[in-house]
Amino acid sequence: MRTIVHLSDIHFGAVDERLKAPLVRAVHEQRPDLVVVSGDLTERGRRGEFREAREFLLSLPGPQIVVPGNHDVPIYHPIERLLHPMGRFRRFISSERLPFFEDDEIAAIGINTARATKTKYGHISRWQLAMIQDMLRPVPNDRIKIVVTHHPFDVPDGYRKTRQIVGRAWRAMKVLSECGADLFLAGHLHRIHAGLTAERYKIEDYSALVIQAGTATLFNGSQELNSFNVIHCERPTMKVNRVMWNDSTNQFEHRDEENFRHGEQGWSRAIE
């Protein structure tokens, strides 16, 4: 069994400082095999915010898959934004264009969906899809294959802003289904959510999990409590735990969980 901690939308520059130390402690307590951070490490893409984000990541266990979000593109430097939109992220956080991790049970790939010309919305390019195919297809299908983006492939029920779904999602989903992707991790909306790709993308005999994290540390950034996900996976089962901030105890605590199982038509909710 592998344990994955999934954080998102840290937003250094607008962090609730009370949460930082308890969050680091809570992540270590999970003893994760992989830590995933799905974008928006900073609030405005400033150098000082990236320095804080780097120190935070260094305080967490590894290995890590970290991808940028739209807030990590410098907003107040238009020339740098257009010519080197990921320059600061690559300097302070990671220079890997497609970060990848694999062991004998899981394989995870990170994709940058943020773009200089889009202040909020995301996109996956043809180049990225070609590279993902080259990296994921050779991975044995007995391993759980994980795709990490900032912008989600789906939105929660009742959420009308479908433009928040990553651009070129349908084309990407076709490619990723052929690669056998099992799990999609994202953030962006500051909403916790778990669903199945089959509910939006009708691909024969294919259903993967779409899991979205809320914001772990943003001060008053959501109607939901600050939180992160802990995912326990061992094919053919997967368990998703939500760990949420408790103001009364000043710590992160487990609140609920959802269980999923893999079958002939892909992943589905486990029948209790």
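The cysteine C179 is buried, since its relative accessibility is 2%, where buried means under 20% relative accessible area, exposed means over 50%, and partly exposed lies in between (1.4 Å probe, protein chains only). The structure is a predicted model, in which local features need pLDDT of at least 70 and side-chain atom pairs count only at pLDDT 80 or more, whereas totals for chains, interfaces and linings use all residues. Residues are numbered from 1 along each chain as its sequence is written, and side-chain values use heavy atoms, with hydrogens and water left out.

A search of the whole structure for disulfides, each defined as a pair of cysteine sulfur atoms within 2.5 Å, returned zero. C179 accordingly takes part in no disulfide, and the nearest cysteine sulfur, that of C233, is 18 Å away. For C233, the closest cysteine sulfur is likewise that of C179, and the separation of 18 Å is too far for a bond. C233 is also buried, with a relative accessible area of 1%.

The strands are considered next. Helices (H or I, at least four residues) and strands (E, at least two) are DSSP runs numbered from the N terminus, and two strands are taken to pair if DSSP finds at least two bridges between them. In general, strands of a sheet pair through backbone hydrogen bonds, either parallel or antiparallel. Six strands form an open sheet with mixed pairing, in the order β4-β5-β6-β7-β9-β8.

Strand β7 (residues 183-186) runs parallel to β9 and is joined to it by four bridges, and A186 has Q212 as its bridge partner in β9. Strand β8 (residues 193-196) is also joined to β9 by four bridges, but these two strands run antiparallel. In β9, I211 is the bridge partner of A194, and L209 is that of L196. Elsewhere on the sheet, helix α5 (residues 126-136) lies across β4, β5 (106-110) and β6 (144-148), and runs at about 165 degrees to β5.

Aromatic rings were examined last. Rings of Phe, Tyr and Trp (its six-membered ring) pair if their centres lie within 6.5 Å, and planes under 30 degrees apart count as stacked, over 60 as edge-to-face and the rest as tilted. The whole structure contains six aromatic pairs. One of them, between F12 and F56, is tilted, with 5.6 Å centre to centre and 55 degrees between the planes. Because F12 lies in the loop between β1 (2-7) and α1 (20-29) and F56 in helix α2 (residues 47-58), the pair ties together parts that are 44 residues apart in sequence. Both F12 and F56 are buried. F50 and F92 form a stacked pair, with 6.1 Å centre to centre and 5 degrees between the planes. This pair links distant parts of the chain, as F50 is in helix α2 and F92 in helix α4 (residues 87-92), 42 residues apart. F50 counts as buried at 0% relative accessibility, and F92 is buried with a relative accessible area of 5%. Ring pairs also link F228, W245 and F252 into a cluster.

Notes
Contact = heavy atoms within 4.5 Å. Axes fitted to C-alpha atoms, helices over the stretch in contact; angles between N-to-C directions.
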